[in-house]
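Hi everyone, thanks for coming. Please have a look at the structure on the screen, and then I'll walk you through it.

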Amino acid sequence: MTTLHEPVVTTTPADLSVWPASTTEPRPGGLAVGGVPLAEVADRFGTPVYVLDEDEVRERCRTYRHAFPDAEVLYAAKAFLCRAMVHWTEEEGLGLDVCSAGELELAVTTGFPPERIVLHGNAKSPRDLETALRLGVGRIVIDSPSEIARLAAAVGPDGHQKVMVRVVPGISAGGHEKIRTGTDDQKFGLSIADGYAQHAIARILDQPQLRLTGLHCHLGSQITSVKPYLAAVRRVVGLMARLHEQHGLVLPELDLGGGHGIAYRPGEAALDLTFLARKVRAELSDACAAAGLPVPRLIIEPGRAIVGPAGIAVYRVLAVKKTGDHTFVAVDGGMSDNPRPALYGVRYAPRLIGRASSAPTAPVTVVGRHCEAGDVLAADVELPSDLRPGDLLAVPVAGAYHLSMASGYNLVGRPPVTAVRGGQARLLVRRESLDDIRRRDVGL
């Protein structure tokens, strides 16, 4: 086998390298995205506010389709979902990967074809399965043996449902231990090594209502190397060969999941998509040829890599104070609209916007407004030393796992989502108001 050489990571010298491609600086300090000054978005919609560059989202969808022309590309809705995102995904020719009845209902009621949707989940509720069958979801990924009988019973003796099985290849990959899902010591999938996957597949084959179309695996998130995906291809094709030998089974699909790493700060590595596509195609072809199997259709599930770099979070500074040797810059959001730094130690590169500053930079820690010492958005980042209350800070690469993971902590309300394109800004998801919060509270 030839030696795999990863491509050299190159970076743009400008500090806007992780911002959407449409980002400009029409005047010093005045950043615009999609032709819209971010300061104007903040003034119009308030802060905190999420800003999505629609053209960036669409272009990233097209990039995946061009890199994987023969594969089925499913957008992983868990990264971020709203009606507009559903619409953009459908228009750009991608399918959807959903994890709940809520995500599924939102997609289908927006007009997304249910046959192009795949339902995931390690613990699907009866409502999840009932909704999937009622709406005619394309495939359901079985994640545990108990789902097999439950799903077969829900389908009924005269029904049929396409399914896949999520297998665990025993590969450790991902940017943090909490987002590594390809090993045998976590909650997802069925292990190849201990035989649980083969046993579950045999049970599925005994259910005439369930049509097994392929195998699924997901290694984790923020993976920047191609090598784990190639190892996964070899192990999953090895399982497919054993299934063919034992049951005469030829599976037409192989889902390699997503987890494609992106850069959050200038200089960080990102997964080379073109290199990934070329190497995976070659590895899959070689492995299947060696096993005497036809090459299955490849499925991939990017989420973060499509929407993450298209998003910006804009905050307003509320306070600046020095404590010992540290300078803390407190903003009007925090872990309720971005829990990722607290969960995974993610590091961002915030930037002063809305005004120019000639002051020298100094290390500061950008913190949120919540009653937790761990409510830190960006630790030890260089920002102008004249920061003051009322200033605006923008955080790039904020499109994925921000709103989707937002909480109601301290009852501050979740921020709105706006879209920018062609010099226009529009509201996609309105701000959660105190009235919204009061309406849910029916305790008196």
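Let me begin with a question: which residue forms a salt bridge with Asp 43? The partner is Arg 316, and the closest N and O atoms of the two are 3.5 Å apart. Before I go on, please keep in mind that this is a predicted model. Arg 316 sits in strand E14, residues 311-323, while Asp 43 belongs to helix H1, residues 38-45, so this bridge ties together parts that are 273 residues apart in sequence. As for accessibility, Arg 316 is partly exposed at 24%, and Asp 43 is exposed at 59%.

Glu 147 pairs with Lys 124, with 2.9 Å between the closest N and O atoms. Glu 147 is in helix H6, residues 146-155, and Lys 124 is in the loop between strand E7 and H5, 23 residues away. Are these two buried or exposed? Glu 147 is buried, with a relative accessible area of 3%, and Lys 124 is buried too, with 4%.

Then there is Asp 386, whose side chain meets that of Arg 355 in a salt bridge at 3.3 Å, N to O. Asp 386 lies in the loop between strands E18 and E19, and Arg 355 in the loop between E16 and strand E17, so the pair ties together parts that are 31 residues apart in sequence. Here Asp 386 is partly exposed at 26% relative accessibility, whereas Arg 355 is buried at 14%.

Some salt bridges join up into a network, with Arg 58, Glu 91 and Arg 421 among its members. Let's stop at Arg 58, which you will find in helix H2, residues 54-67. Arg 58 is buried, with a relative accessible area of 6%. Its side chain makes a polar contact with the side chain of Glu 91, at 2.8 Å. Leaving out residues up to four places away in sequence, Arg 58 touches His 87, Trp 88, Glu 91, Glu 92 and Arg 421.

Now for the rings. How many aromatic pairs does a search of the whole structure find? There are two. One is Tyr 64 with Phe 68, a stacked pair with 6.5 Å centre to centre and 10 degrees between the planes. Both Tyr 64 and Phe 68 are buried. In the other pair, the rings of Tyr 264 and Tyr 348 have their centres 5.4 Å apart and their planes at 85 degrees, so that pair is edge-to-face. Tyr 264 is in the loop between strand E12 and helix H9, and Tyr 348 in the loop between helix H11 and strand E16, so this pair ties together parts that are 84 residues apart in sequence. Tyr 264 and Tyr 348 are both buried.

Phe 68 takes us to the nonpolar core. The largest one has 132 residues, and Phe 68 and Leu 215 have the most contacts inside it. Helix H8, residues 227-247, gives the largest share of this core, with 10 residues. Beyond its neighbours within four places in sequence, Leu 215 is in contact with residues including Val 236, Leu 239, Met 240 and Leu 243.

One last stop: Pro 126, in helix H5, residues 126-135. Pro 126 is exposed, at 63% relative accessibility. Its C-alpha is 8.6 Å from that of Arg 150, a residue 24 places away in sequence.

Methods:
Residues numbered from 1 in each chain as written. Predicted model: local features only at pLDDT ≥ 70, side-chain atom pairs only at ≥ 80, totals over all residues. Heavy atoms only, no water. Phe/Tyr/Trp six-rings, centres within 6.5 Å; stacked < 30°, edge-to-face > 60°. Buried < 20%, exposed > 50% of the residue type's maximum accessible area, 1.4 Å probe, protein only. Helix = DSSP H or I, 4+ residues; strand = E, 2+ residues; numbered from the N terminus. Core = buried A, V, L, I, M, F, W, Y, C linked by side-chain atoms within 4.5 Å. Contact = heavy atoms within 4.5 Å. Polar contact = N/O pair within 3.5 Å; in protein donor to acceptor, adjacent residues only side chain to side chain. Salt bridge = Lys/Arg side-chain N within 4 Å of Asp/Glu carboxyl O.
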